[in-house]
Amino acid sequence: MLVRNATLADGRRRDVQVRGERIDAVGRRLSAEGGTENGRDDDEAEAERVIDATGKLLLPGAIDVHVHAREPGFPYKETWETLSASAAAGGVTTVVDQPNTDPPTIDGERFDAKAELATRSLVDYGINGGVTPEWEPGELLERPLFALGEIFLADSTGEMGIDADLFEAAVREATERGVATTVHAEDAALFSETARERDGDDVDGWSAFRTIEAEVEAIAQACTVGAELGAQLHIAHASTPEGIDRAKDAGMTCEVTPHHLFLSRADLDELGTCGRMNPPLRSEDCRKAVYERVADGTVDVIATDHAPHTRTEKDTDVWNAPSGVPGVETLLPLLLAEAREGKLSYERVRDLTAANPAAIFDLPRKGRVEAGKDADLALFDPETAREIRGEERHSKAGWTPFEGSEGVFPEWTMVRGQVIYERTDDESWDVDGSSDGGSGDGDGGDSDERFGEAIGENVRSSSRTMANDD
Ligand SMILES: [Zn+2]
């Protein structure tokens, strides 16, 4: 496929030739025959397809390093099919699953069982390994793990909270084997017991309960251990400027979620328990300070902590509702709507969602629109924003905390050269026969969407690693 005259994140207008699974060439005026140094070859027909992308934005597919696919254990919340359809429809081409499934991903056998389920993914994926007192580091760490984590440092509400000694042992073990560690940093000892007495209808009680101090101290504690061990720690979903600064001062990397970037305690009246997540929403001032650090490049990554629950589960008081919100499908659309208004640059969006996660987690094939990289691409019309509606999204959750916000959604999404999502309601789409429907048909909403086959691969699998040598 030849994508003609696309605008890249840095503003350059280029033709992009895709051949097989890769970007073959990026240039000013490439020939439609794919006549680069490789000449014509067996996928000639594929190479000859041409898309006019004039006025369109071509980005590397996003790498969401923090999603909860919910399988095994909670297929009524989400499955690998629905998670990856949601990712594809949002321009996300790689997702990284977290280990707090049922059973949790804490040993070799459970890793293998999850890896089998993940083969149903439309997009590429990584699988993280978890740490509990029962974990089996020997066999777990010899599997093709994406990273260790998110390790819940002293989180009393989850079943995967661990103490400081086990945390240190786990980070040491991972570091010795060259595996990155991601940390959910909230110190439960610093939660507010006074706030815990608030009425269950007072949704703000959750934000008052899980204090800023609890996050900042846990990040500081984790960074101290990490620095002593020479570890690469990645702080998951930092929600406070103080926490971000601590992590960066210690030389660690961090991520921020879209909900901490765009929502605050001021939205809780409207959100109800759909605004309960960990860490919780913060004050509007805090949100603005986090946004500044995202816009100026202090924050490395935006990852969604996509954590779907059903509406029924959320329909209870704040002390009993489950924590978490869906988000993988609205990650790029929300950021691109900001970029469209000049609040973030397109380059920053590319770095936060693709280039930086690829660099931090060692995915040399991904994260940029350059010759030789995987053809993981998403095409957007930056002039067309639409209202975000939960019922139109593809997560099983069927709701979104960003209801009514503006989003710039992709026209199509490609994983390693194959179109796995396309929206045909746009007249500019004139590629023929790129998808035969396949799995994961969208329920309700836009009937002009099509999904491709489940072609996702583990980005750490040995075949990928060997293929990366050439
Ligand atoms: Zn977490």
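The legends below describe close-up views of a predicted model.

**View 1. Packing of helix α7 against helix α8.** Helix α7 spans residues 212-229 and helix α8 spans residues 241-249. Their axes come within 9 Å and cross at roughly 5 degrees. Angles under 35 degrees count as roughly parallel, and α7 and α8 are therefore roughly parallel to each other. On the α7 side, the contact involves Ile212, Glu215, Val216, Ile219, Ala220 and Cys223. These meet Glu242, Gly243, Arg246 and Ala247 of α8. Sorted by class, the contact of α7 with α8 holds six nonpolar, one polar and three charged residues.

**View 2. The largest nonpolar core.** This core has 116 residues, and Leu58 and Ile235 touch the most other members. Helix α13 (residues 331-340) gives the largest share, seven residues. Domain 1 (2-58 + 368-467) and domain 2 (61-360) each supply at least three residues to this core.

**View 3. Surroundings of Ile235.** With neighbours within four places in sequence left aside, Ile235 is in contact with Val183, Ala185, Ile219, Ala247, Met252 and Cys254. Of these contacts of Ile235, Ile219 in α7 and Ala247 in α8 also take part in the meeting of the two helices.

**View 4. The loop at Ser461.** Ser461 is located in the loop between β20 (449-451) and α15 (462-467). Ser461 has 15 C-beta neighbours inside 10 Å and so counts as partly exposed. The C-alpha atom of Ser461 is separated by 9.5 Å from that of Phe146, although the two residues are 315 residues apart along the chain.

Definitions and conventions: Residues numbered from 1 in each chain as written. Predicted model: local features only at pLDDT ≥ 70, side-chain atom pairs only at ≥ 80, totals over all residues. Axes fitted to C-alpha atoms, helices over the stretch in contact; angles between N-to-C directions. Helix = DSSP H or I, 4+ residues; strand = E, 2+ residues; numbered from the N terminus. Parallel < 35°, antiparallel > 145°, perpendicular 65-115°, else oblique. Contact = placed C-beta atoms within 7 Å. Nonpolar A, V, L, I, M, F, W, Y, C, P; charged D, E, K, R; others polar. Buried ≥ 20, exposed ≤ 12 C-beta atoms within 10 Å, placed from the backbone. Core = buried A, V, L, I, M, F, W, Y, C linked by C-beta atoms within 7 Å. Domains from an automatic or database assignment.
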